[in-house]
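Welcome! Have a look at the model below, and then we will walk through its build and a few of its charged pairs.

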Amino acid sequence: MAQYSLDELNHMDQERFTRALGEIFEQTPAIATQTWHQRPFATVDSLHQAMVAVVQAQPLPQQLSLIRAHPDLGSKAKMAPSSVQEQASVGLDQLTAAEFESLQALNQAYRDRFQFPFIVAVKEHTKDSILATLRQRLTHDLATERQTALAEIAKIANYRLQALITDASSA
């Protein structure tokens, strides 16, 4: 993955900016495209906040499209390189047959209940805490869970920005 300084991002044209940040929010480069207009960003946090504000301002159908762009945890499906790395970091790519079956059943129950995939910032969890969180979040109502999914997506985006921007720790 290429890395960029905040200064480089601030000086990019919209097309390059979108290419550089287009996968921060899973398969939704329009968020980067819309955020470009708010340059320059003084800190990585201000860039992140601007991107999250774009998501929050979207109508419900677009927010649901963003949520649905995320892969199921532990899935064997093709996914963005960032998702592959994030899931592998907690061992979701090395589940036992029983763990895989349990996760798939919980994912399906969640998808059946909410009509979108379970999303969690895996960097904040272990394999076991992900399963426990999934079970607990199945008890939420739809509105609560939609907001929780968007909050988790914002956390994931922040981790991705921190990894992508070379001077992120100084911001």
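Helices (H or I, at least four residues) and strands (E, at least two) are DSSP runs, numbered from the N terminus. By that rule, the chain has nine helices and zero strands. This is a predicted model, where local features need pLDDT of at least 70 and side-chain atom pairs count only at pLDDT 80 or more, while totals for chains, interfaces and linings use all residues. Residues are numbered from 1 along each chain as its sequence is written, and side-chain values use heavy atoms, leaving out hydrogens and water.

**Burial**
- Of the 171 residues in the chain, 49% are buried (under 20% relative accessible area, with exposed over 50% and partly exposed in between; 1.4 Å probe, protein chains only).

**Salt bridges**
- The whole structure holds seven salt bridges, each a side-chain nitrogen of Lys or Arg within 4 Å of a carboxyl oxygen of Asp or Glu.
- R19 pairs with E15, their closest N and O atoms being 2.9 Å apart.
- R19 and E15 sit four residues apart in helix 2 (residues 14-21), so about one helical turn separates them.
- R19 is exposed at 56% relative accessibility, and E15 is exposed at 57%.
- R160 forms a salt bridge with E26, with 2.9 Å between the closest N and O atoms.
- This pair links distant parts of the chain, 134 residues apart: R160 lies in helix 9 (residues 142-164) and E26 in the loop between helix 2 and helix 3 (30-35).
- R160 is buried at 5% relative accessibility, and E26 is buried at 0%.

**A network**
- E152 and K155 meet in a salt bridge (3.1 Å, N to O).
- E124, E152 and K155 are linked in a salt-bridge network.
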